[in-house]
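Open your viewer and keep the selection tool ready. We will go from stop to stop, and at each one you select something and look.

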Amino acid sequence: MNIEIKDINRITLTGRIISRDNEYEIKRADGEAVETFYRMLLNIKRLSDTKDNLPVIISSKFDSKEYKVGDYVTVNGIIKTRNYTDSEGKNHTSVFVYALDILCGDEVEKEDDQNSVELTGTICKKSDMRITASGRKITDIILAVHRTKNPRSKSDYIPCILWGKNAAEVAKLSIGTVISVTGRFQSRYYYKNDEERVAYEVSTVSYSVADTDDTQNTKESE
């Protein structure tokens, strides 16, 4: 029995705001601002005590509570991507969380950092599996996730990494395969041309391949 494939994009983050900046405004034809968006960085601790600083875009409609640096908040939203060209004409992709709901203060059940992601989408790009310096298997993929149920709608192209046995298995999948992944959204720092840069990606804990019947096979990281 064939099943209807529905793309999924969910993320929940709980952490502390460490920066907040004005992002951009949507304006009417007369130039008056209709809605303002802000960029915040949330500092979230992993189980290993490593900390991620994750970008969150929020609408001014949430600003009745004046979220500020130092506040401990929970953000429920989606991961989005945006292509842009810098001043030198180079193309880039921005990856960020778009907030759909924010809880703050007494609304946050407890100060317990959390970072959980659930995605279902189509593999549109992938790397060959490789071995890290520490001996771990790793595979990178780009998951195309539609923003609506309409297959012609815009998609977000979300970078994901898989480890161990999962990396080996997903490296063998074909472009166009629909999979679901769970994991965390993370920041990763690296150097290019002696300049420190940061990448944002989903580090997966488990994945499943959409079958042609009513079942799915779920695989967890080693």
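Start with the largest pocket, which holds about 1100 Å³ of space. On a 1 Å grid over the protein atoms alone, a pocket is an open set of points where a 1.4 Å probe fits, with protein on both sides within 12 Å along at least five of seven lines; lining residues have an atom within 4 Å of a point. Grid points are joined across faces, edges and corners, and the volume is the space filled by probe spheres set on the points.

Select Thr93, Ser94, Val95, Val198 and Ala199: of the 34 lining residues, these are the closest to the pocket's centre. Next, colour strand E5 (91-104), which gives the largest share of the lining, six residues. Strands are DSSP runs of E, at least two residues, numbered from the N terminus. By class, the lining has 15 nonpolar, eight polar and 11 charged residues. Here Ala, Val, Leu, Ile, Met, Phe, Trp, Tyr, Cys and Pro count as nonpolar, Asp, Glu, Lys and Arg as charged, and the others, Gly among them, as polar.

A word on the model: it is predicted, local features need pLDDT of at least 70, side-chain atom pairs count only at pLDDT 80 or more, and totals for chains, interfaces and linings use all residues. Residues are numbered from 1 along each chain as its sequence is written, and side-chain values use heavy atoms, with hydrogens and water left out.

Now select strand E6 (residues 114-126). Six bridges join E6 to strand E10 (residues 178-192), and the two run antiparallel. Two strands pair if DSSP finds at least two bridges between them. Find Val117, which stands opposite Gly183 in E10. E6 also runs antiparallel to strand E8 (residues 137-146), with four bridges. There, Thr122 has Ala144 in E8 as its bridge partner.

Move to Thr204 in strand E11 (residues 195-210). Is Thr204 buried or exposed? Thr204 is buried, at 3% relative accessibility. Buried means under 20% relative accessible area, exposed over 50%, partly exposed in between (1.4 Å probe, protein chains only). A polar atom of the Thr204 side chain lies 3.0 Å from the backbone oxygen of Ile161.

Last, show the cysteines. How many disulfides does a search of the whole structure find? It finds zero. A disulfide is a pair of cysteine sulfur atoms within 2.5 Å. For Cys124, the nearest cysteine sulfur is that of Cys160, 9.8 Å away. Cys124 is partly exposed at 33% relative accessibility, whereas Cys104 is buried at 18%.

Methods: Polar contact = N/O pair within 3.5 Å; in protein donor to acceptor, adjacent residues only side chain to side chain.
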